[in-house]
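Thank you all for coming.

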Amino acid sequence: MVSPLLSCLSLFLIALQPAAAIWPAPQSFTKGSSILYLHQNIQITYNGAPPVCPDEGLDAKQFLYQQIPYTYGYVPYKLTSKEVVQAGVSRTLAGIFDSKFVPWKLHKPGSKWEPDLSQGQKWLKTLQIVQTGEDQPSAFKPLAGEVDESYDLTVSAEGHVKLTAVSSIGVLHGLESFSQLFYQHSAGTFWYTPYAPVSIRDAPKFPHRGIMMDTARNFFPVPDILRTIDAMAWNKLNRLHVHVTDSQSWPLVIPALPEVSEKGAYHPTQTYSPADIDQIQKYGAARGVEVYFEIDMPGHIGVVSLSHPELIVAYNELPYWWWCAEPPCGAFKLNDTAVDAFLETLFDDLLPRLAPYAAYFHTGGDELNKNDSMLDEGIRSNASEVLQPLLQKFIDTQHARVRKAGLTPITWEEIPLEWNVTMGKDTVVQSWLGGDSIKTLTGMGHKVIDSNYNFWYLDCGRGQWLNWDNGPAFSTGFPFNDWCDPAKSWRLVYSHDPTANLTADEAKLVLGGEVALWSETIDATNFDTLAWPRASAAGEVLWSGRTDAQGQNRSQLDAAPRLNELRERMVLRGVRAAPIQMTPRVDSFVQPGYFTMGLIETLVDHVSARSVLLLGPGLLLAYIIVAVVVRPALQEMKLARMSGARAPRIQSVLPFGIDFVYGGVRASMTYQNLVFWRGMFSHIPSHNTIEGRIAGRRIIFTADPENIKAILATQFNDYGKGKPFHAEWSPFLGDSIFTTDGALWHNSRQLIRPQFIKDRVSDLHVFESHMQTLFRAIANGGALNGEAQPVDIEAGNGKPVDISDLFFRFTLDSATDFLLGHDVKSLSNPRQEFADAFAEVQRVQSIIARAGALNSIVPRGSFRKGMKVINNFINQYIERTLRLSPDELAGKAKSDAGYTFLHALAGYTRDRQVLRDQLIAVLLAGRDTTACTLSWTVYELARHPEALEKLRAEILAVVGPTRAPTYDDLKSMKYLQNVMNETLRLYPVVPFNVRLAIKNTTLPRGGGPDGLEPVKVLKDTPIAYSTLAMQRRADLYPPASATFAPVDVYSPDRWSSGWQPKPWQYIPFNGGPRICIGQQFALTEMGYVLTRLFQRYERIDNYMGEIDGGNPALRAEIVLQPGDGVKVGLWEAKRTVNGEK
Ligand code: HEM
């Protein structure tokens, strides 16, 4: 058996051997180890000339035609097979002779690797090129698959080279492989291959292998485009897709519409004339690279507004995210004859010029924003049912024009998938959104080009290009990553298989793929470095296939040295490709063991508890072994290789942390979570971060403000809610703000945030009518039996009532009123269907969330029933709102009467699912949180009459006994604010929370013996954090004194003692980019309720002592609520204990 050390060493050596680095890997390739030298005089023939001068009688003209000696810098004067081949030969040999590739970097320092020149040279004698087929006219502008690109190449030990191909394009590919067999000798003018004899059979797996270049966001001079075409040919890439215009600029000169580029180009020098386009296309065609163009429409076309404002809607409209994906916005009017006339002129001019050298024309179609058409006076709607037929007609018309010019249309995937536009089966669809798109599109019968952004968007991961103002905007943007972070390394690019998970029939429809370089922050200065050699990695997948001849995924170990060598060649041939590794000296580039680990982990991660249970006890046992033994062991190996320290371990005596789990569950059931958390840290004084393995899974617990700050703000992009959270919560909260990360979350936040601006938050009348019902329910001792139930207010004085139950009803009524314009009247109905359903769904959801991997076995019958009730209820309001036209909506916004949160959202989106998800999310966020805080406040005021007295004095001084408070009144009441702050300090509504590491990362503190070193964190590790435990840490407060109460004691006065919590030590509303949106709304609502209550009531009788003995039950499910309710009696002002006047 080979020891791991030895195998590791041999891999190291492989990394340093030149590997006959043919890139992309040929389908079959054998080589020897004899050395042959190449001379500029090598006899080169094309299609059958004898290798020597003709005798008399031979046709001299034919002979000359067939002899194609190496001529430096040969340029084809027209696109014929022989011209293309001869120019190819010229470039190939110049590539070998000029690039001076002495491969010292590929060898161990000090080793002897060059041939010994003193031993004499065996020369290559002939290069015989045989093209077996005749090039069709389409050979230089083929549809995918129309040209045969295969070739065979042999180099005999005697020095004869034979290259056979059906087409001249196949010959070019063979010549490229030939050139990659050669190196220059360090002694100077000797070029050799050490691999003779050689035999290669080769053909591409996919016919469409491309790069998308964006010349609209930044301009690329023609020479830079030509250089890219050269580099593509070296990589056997054959399609250059030029995204030539976009909303930012129009560099394309259209003689029939000169004003478009005159006004739309960044500068008169940044344009492509018809001659430039001709040159670019011909240059590509002679190298087997078809250059085709895209004019993106009907979105992404705002720039036309500069010359033709009448054709465009939403140009440069703000806030941009309502109108388009990035500024400046702008789309064609979808139902306008002037647009059609413009496009007719444009296409009549452009397409006939493109068609001689391209088979395709791309009509764009990505990211069309429905809202744009709301600004179109001819449409004024963003409803899909209105826009879809218009878009269908638009696409039909443009595609007909493309076909008429002899071209085949290409569109982005949104056209068929998002807009349900039907298109001719000839149309090719370019997919970028990943997920199941390719499967869906091929299932629909479309031919597809894959540009999955998760793998093949090479511009990603280099940060935002938008700017953020100081203040809150800064923290929202921080740390300014771009939307498709992280960067796609060559390994990630290489791992992608466009036909993964497809059936054979579906796979046949995948023409290939393109890597894309959107150019917001790319121009000619950095294009090469960003494109290469990552585009080469995609190039090999597309030419050679993701799997090798044995059906195994191609290995990075095989690819890395070849890619490294290719990169050296590219740099020497004038393309600034980025290095893929440091210059080798002593280190190994191999990560031993990662392969098997990845496999097993993938297995574990993809087995759900339910599937395991269904498959029976044998597999269950295997699952348990893998989950609690194998996976932890593998993770420990990974952790051992990471830098950083470990946090102290949780104390646990039973295997797999069973005693810890039991303790946690018990604490939760008995409302002792805080005690449990404190206990966790108690055996390690001064540590507030701890870790353990629970059922095999590493979990980190922290109550350290530094770590919480990192998770929520400074390392925001390292941590997220994660996919498991989304999976657990989405049946309830959909794709709303609470369940998503990244772009989805960001969109939700942008949608909801404007609804909580001060104007809306300061509108208090929504609370007042419910306040009056609350008073009656208090006097009644509980919820009313119908709105009309008579209540003797006088008799209610001091009557015991669970005020917590009433607060939950009050906040439900006012939240539904605020959100939908209709309250569910739970204060006046003890059993209310919606309220019961909402409570049941939350109960089951909280069990699902706690069950972790076992959540699929939680029964969901009542959950589904409840969701039906909730959805039916909310949907009727959504339908009602969507029946309003945009004008009616706008009118409602102005009049303000009956204008609700739902109306405001519907002004931005008419997507029913989006509306539903966001409404339920905000209902959940807004209802329980305020109800809990109000409940805790009354709980504490009942046992702190001195605080109640001060609060009431302030209220009476500011608003008197009856006047309803204004927003400014509430903000001016300092003691009221202190009361709420103190409640949220002792009882933060979200007491325990969790985030998942979405990459390998660290926490800044908690490791090492003193707990001050960073803790290493593997991707997918959950970090549980507790604001409750942190906000009650005595060491974060000044010592208790006569003027500063102990940490666990309720004391609003501490907030006016000169003390202020330090940043991140008091965060009831969270912090960082995901800080609570409803903070001001909540403080206003709660301040209003407390003011109204204590204008009216002057005294609270506390009945809780008999129930909990003064130890409040901290029930922490989704939110922190009083576990035993809050039983009190309230006394109206000007009354005595006995009820006498
Ligand atoms: C005392 C009252 C409230 C407290 C203590 C509170 C606390 C919080 C906390 C801790 C979070 C972060 C949750 C997480 O990311 O894991 C949060 C998020 C949120 N809260 Fe509040 N909240 C309160 C009231 C409200 C109200 C009244 C609304 C709306 C009507 C609201 C809307 C939201 C929303 C939409 C989020 C999600 C933010 C995001 O993920 O970007 N909250 N809240």
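Predicted model: local features only at pLDDT ≥ 70, side-chain atom pairs only at ≥ 80, totals over all residues.

In which loop does His 300 lie? His 300 lies in the loop between strand S10 (290-295) and S11, where helices (H or I, at least four residues) and strands (E, at least two) are DSSP runs, numbered from the N terminus. Residues are numbered from 1 along each chain as its sequence is written, and side-chain values use heavy atoms, with hydrogens and water left out.

Back to the backbone, then: His 300 has a phi near 55°, which is a positive value in a residue other than glycine. There are also cis peptide bonds to point out, and one of them joins Leu 318 and Pro 319, with omega about -5°. Pro 319 sits in the loop between strand S11 (312-313) and helix H8 (320-323). Another cis peptide bond runs from Ala 196 to Pro 197, with omega near -10°, and Pro 197 is placed in strand S7 (residues 191-202).

As for annotation, UniProt lists residues 206-545, in an unreviewed entry, as "domain: Glycoside hydrolase family 20 catalytic"; its positions are given in the numbering used here, feature names are shortened, and annotations may be inferred rather than shown by experiment. In the model, that span is 36% helix and 14% strand, and the C-alpha atoms at the ends of residues 206-545 lie 8 Å apart.

The iron atom of the ligand has Cys 1076 (SG) as its only protein donor, at 2.3 Å, with donors taken as N, O and S atoms within 2.8 Å of the metal (3.2 Å for Na, K and Ca); water is not among the atoms, so sites may look incomplete. Cys 1076 itself belongs to the loop between helix H39 (1027-1031) and helix H40 (1079-1096).

That brings us to H40 and its packing. Helix H35 (residues 912-943) packs with H40 at an angle of about 40°, with their axes 10 Å apart; axes are lines fitted to C-alpha atoms, for helices over the stretch in contact, and angles run from 0 to 180 degrees between N-to-C directions. H35 is therefore oblique to H40, given that angles under 35 degrees count as roughly parallel, over 145 as roughly antiparallel, 65 to 115 as roughly perpendicular and the rest as oblique.

The residues in the contact of H29 with H40 divide into eight nonpolar, no polar and four charged.

Finally, the axes of helix H36 (residues 945-959) and helix H38 (residues 974-986) come within 8 Å and cross at roughly 140°, so H36 is oblique to H38.

How values were computed. Nonpolar A, V, L, I, M, F, W, Y, C, P; charged D, E, K, R; others polar.
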